[in-house]
Amino acid sequence: MNEELVYNKNYIPMTRSELIDRLKKALKDKRFQHVLRVEETAIKLAEQYGVDVEKASIAGLCHDYAKQRPDEDFIAEIKKKGLNPLLLDYGNAIWHGVVGAELIKDELGIWDEDILNAVRHHTTGAPVMTKLEQVIYMADYIEPGRDFAGVKKARVITAANLQAGVAYQTKHTLTYLIGNGKPVYPKTIDTYNAWVPQYEGEID
């Protein structure tokens, strides 16, 4: 049970129980239940692929920490931290990861860059991702509550090859965005170019 997981590597200045309490206050119940499922999935993938389980737990729980913050919080943080002004052209779907990592650092006291990057890149991906980043990217996509065309295949691919799972998600996300006339964050295109061509044969 995840409840028994003890944080003892000083990645975060609180216990898992204390972090859970913070998340309950920051998120509505439906979103909170989602992050618990992402944590559960992230831990399983971490165990399978040799990733630090404590980092996977923290990043899985924190990935949507800022998801339900008002736009004003994100805009203020972008300006305060001198982040890429291009971010102002996007919205919560991008902000809650890229900018949310800054809020996690400031408000939860998490300074481990691997955990922060896993949060930053859990929606956009990145051309280069550590195994922890890949785990969180995929755990958010395939957690048990997800129900969309292709999710079963994504789970099968990810169980066999984590990197191929990253490629599958990236390809399908970009296809969805383009097919629905949505703006595409530049890093998502960079992620596609870095991951999809080399795994194309494994994700069709």
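**Reading salt bridges and helix packing**

Trainee: Is Glu-143 buried or exposed?

Mentor: Glu-143 has a relative accessible area of 1%, and the cut-off for buried is under 20%, so Glu-143 counts as buried. Keep in mind that this is a predicted model.

Trainee: What does the side chain of Glu-143 meet in a salt bridge?

Mentor: The general idea is that side chains of opposite charge can pair when their charged atoms come close. Here, Glu-143 is paired with Arg-37, at 2.6 Å from N to O. Arg-37, with 27% relative accessibility, is partly exposed.

Trainee: Which parts does the salt bridge of Lys-55 and Asp-114 tie together?

Mentor: The two side chains meet at 3.7 Å, N to O. Lys-55 is a residue of helix H3 and Asp-114 of helix H7 (residues 113–120), so the parts tied together are 59 residues apart in sequence. Lys-55 is buried, its relative accessible area being 14%.

Trainee: How many salt bridges does the count come to?

Mentor: The count is 17, with a cut-off of 4 Å between the side-chain nitrogen and the carboxyl oxygen. One of them joins Lys-81 to Glu-77, with their closest N and O atoms 3.0 Å apart. Lys-81 is partly exposed at 30% relative accessibility, whereas Glu-77 is buried at 6%. Salt bridges with shared partners connect Glu-77, Lys-81, Glu-102, Lys-105, Asp-106, Glu-113 and Arg-120 in one network.

Trainee: Now to helices. At what angle do H1 and H3 pack?

Mentor: Two packed helices are described by the angle between their axes and the distance between those axes. For helix H1 (residues 16–26) and helix H3 (residues 53–62), the angle is about 10 degrees and the axes are 11 Å apart. Angles under 35 degrees count as roughly parallel, and H1 and H3 are therefore roughly parallel to each other.

Trainee: Which residues make the contact?

Mentor: From H1 come Arg-16, Leu-19, Ile-20 and Leu-23, and from H3 come Ser-57, Leu-61 and Cys-62. By class, the residues of this contact are five nonpolar, one polar and one charged.

Key
Residues are numbered from 1 along each chain as its sequence is written. This is a predicted model: local features need pLDDT of at least 70, side-chain atom pairs count only at pLDDT 80 or more; totals for chains, interfaces and linings use all residues. Side-chain values use heavy atoms; hydrogens and water are left out. Axes are lines fitted to C-alpha atoms, for helices over the stretch in contact, and angles run from 0 to 180 degrees between N-to-C directions. Helices (H or I, at least four residues) and strands (E, at least two) are DSSP runs, numbered from the N terminus. Angles under 35 degrees count as roughly parallel, over 145 as roughly antiparallel, 65 to 115 as roughly perpendicular and the rest as oblique. Contact means heavy atoms within 4.5 Å. Ala, Val, Leu, Ile, Met, Phe, Trp, Tyr, Cys and Pro count as nonpolar, Asp, Glu, Lys and Arg as charged, and the others, Gly among them, as polar. Buried means under 20% relative accessible area, exposed over 50%, partly exposed in between (1.4 Å probe, protein chains only).
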